[in-house]
Amino acid sequence: MMLTIYLFCLTVGGGFVILSAFAGLDGVDFDSHFELDVDLSNPPQNADTLTPYKTPQKSKLAFGCPIFSLRFWTFGSCFFGLTGFLLTKLNLLLSSSLILAISLGVGVSFGTAMVGILRRLHQQQANSLILSEDLIGLWGTVEIPFDQTCKGKVRLYLKDSMVDVVAITEELHQFEKGDQVFVIGRSHNKVLVIPEKLLNSN
């Protein structure tokens, strides 16, 4: 009877763990989070920011009981079933009640640990996302030449990430590849830059 329960928990929990690994079902909100490296060569027409970013809402369960998380039950049932199945099959002369207690302990421990680990990774990911406001005041390098009449591309470095963004200028200056620029503002999905010599002259 217990072996059937262990197998059921292992099958169901293990199935969800596999889906979590390959289908992104670990609770990350993909509607509001995007990749770190942003290439705006073909940006959306009506974007107000450089990155389609929404400030993540702090989870109400971040410091709460892990049993209210689906991930707790997913990983917990998987390791509960795996432990119970292995201990039963190994025939270690353990009583069924002891095997049940050990399996429950392992399941709860792994379930709680995985909830904490995934939440921490999620928070680190959210903290590393780049807002357009973060780009103002940075130095960059021209990748695609441009001037006052056309747009180009500059490369910026922020939060240990390399970001290529569309750039424009209001200065009567021809920016060539490799020139240093300074970001002074943004306009929708583009950054407004000035040449290095303009700052040095001041």
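**Entry 1: Thr83**

I began with a polar pair in this predicted model: the backbone oxygen of Phe79 sits 2.7 Å from a polar atom of the Thr83 side chain. I then looked up where Thr83 belongs, and found it in helix α2. Is Thr83 buried or exposed? Its relative accessibility is 14%, so I noted Thr83 as buried, the cut-off being under 20%. I also listed what Thr83 touches, skipping its neighbours within four places in sequence: Ile102, Ser103 and Val106 are in contact with it.

**Entry 2: Leu87**

I stayed in helix α2, which covers residues 70–90 and also holds Leu87. Leu87 has a relative accessibility of 15%, and therefore counts as buried. Which residues does Leu87 touch, once those up to four places away in sequence are set aside? I got Leu92, Leu94, Ile99 and Ile102.

**Entry 3: the barrel**

Next I turned to the strands. Five of them form a closed barrel, in the order β1-β2-β3-β5-β4, and the pairing is mixed. I looked up how neighbouring strands of this sheet are set against each other: on average they are turned by 55°, with direction ignored. A reminder to myself: strands of a sheet pair through backbone hydrogen bonds, either parallel or antiparallel.

**Entry 4: β3 and its partners**

One pair I wrote down here is Tyr157 with Met162, the latter being its bridge partner in β3.

Strand β5, residues 190–195, is joined to β3 by two bridges, and these two strands run parallel. On that side I noted Ile168, whose bridge partner in β5 is Leu192.

Last, I asked why β3 can be called largely enclosed by the rest of the structure. Six of its eight residues are buried, so that is how I logged β3.

How values were computed:
Residues are numbered from 1 along each chain as its sequence is written. This is a predicted model: local features need pLDDT of at least 70, side-chain atom pairs count only at pLDDT 80 or more; totals for chains, interfaces and linings use all residues. Side-chain values use heavy atoms; hydrogens and water are left out. Two strands pair if DSSP finds at least two bridges between them. Helices (H or I, at least four residues) and strands (E, at least two) are DSSP runs, numbered from the N terminus. Axes are lines fitted to C-alpha atoms, for helices over the stretch in contact, and angles run from 0 to 180 degrees between N-to-C directions. Buried means under 20% relative accessible area, exposed over 50%, partly exposed in between (1.4 Å probe, protein chains only). Contact means heavy atoms within 4.5 Å. A polar contact is a pair of N or O atoms within 3.5 Å; within protein, one must be able to donate a hydrogen and the other to accept it, and residues adjacent in sequence count only if both atoms are side-chain atoms.
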